[in-house]
Amino acid sequence: MKNTDRLNKIKRMRTWANWCIGIGIVLMYVGYAFFAGYFGSFLKGSILLMTSLLLIGFILMMVATVLFMITGMVSMSAAQVECPTCKKVTKMLGKEDACMFCGQPLSLADEQTPQSNT
Ligand SMILES: [Zn+2]
């Protein structure tokens with residue numbers, strides 16, 4: 001198991017966006033299923049519930065889209081460093097971050113790569 005506090009920040013944002021999309025889709029399906037009466041007659045044909053669930057799901061997916069956009073823009077300008085443990089080139093946000101591949105904590109102070117100056 002990987003330690004979650006050591007997850008790379010870009011990766012963590014992508015994970016959030018991914019969950020937002022998943023939850024949004026499930027919410028919209030649940031709203032429709034209630035409306036169509038898949039869960040019995042309880043709340044069947046409730047336009048209010050279906051509308052609100054569809055709206056919440058839609059907003060979640062919009063949030064995910066924006067998150068993916070921000071992640072893409074941020075990762076273009078992120079500093080690239082070579083991980084001392086797994087020797088792969090990874091990107092880091094801010095002064096402290098973790099390796100994308102192995103979770104090794106990195107900080108810019110002891111990395112002397114030329115691209116990493118801010
Ligand atoms: Zn690594």
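How far should the 31 residues of α2 span at 1.5 Å a residue, and how far apart are its end C-alpha atoms? Keep that in mind for the first view; everything here comes from a predicted model.

**View 1. Helix α2, end to end.** At 1.5 Å a residue, the 31 residues of α2 should span 45 Å. The end C-alpha atoms of α2 are 45 Å apart, so the two values agree. This helix covers residues 47-77.

**View 2. Helix α1 packed with helix α2.** Here α1 (residues 9-36) meets α2 at an angle of about 165°, and their axes sit 8 Å apart. An angle over 145 degrees counts as roughly antiparallel, so that is how α1 runs relative to α2. As for handedness, α1 and α2 make a left-handed crossing. Sort the residues of this contact by type and you get 26 nonpolar, 5 polar and 1 charged.

**View 3. The buried residues of α2.** Look along α2 for L53, G57, L60, A64 and T71, which are its buried residues. What do they pack against? The partner is α1.

View 4. We're now in helix α1, where A33 has its place. Setting aside neighbours within four places in sequence, A33 is in contact with Y38 and F39. Then there's L43, 10 residues away along the chain from A33; the C-alpha atoms of this pair are separated by 10.0 Å.

Methods:
Residues numbered from 1 in each chain as written. Predicted model: local features only at pLDDT ≥ 70, side-chain atom pairs only at ≥ 80, totals over all residues. Axes fitted to C-alpha atoms, helices over the stretch in contact; angles between N-to-C directions. Helix = DSSP H or I, 4+ residues; strand = E, 2+ residues; numbered from the N terminus. Parallel < 35°, antiparallel > 145°, perpendicular 65-115°, else oblique. Left-handed = near helix turned anticlockwise from the far one by under 90°. Nonpolar A, V, L, I, M, F, W, Y, C, P; charged D, E, K, R; others polar. Contact = placed C-beta atoms within 7 Å. Expected span 1.5 Å × (residues − 1). Buried ≥ 20, exposed ≤ 12 C-beta atoms within 10 Å, placed from the backbone.
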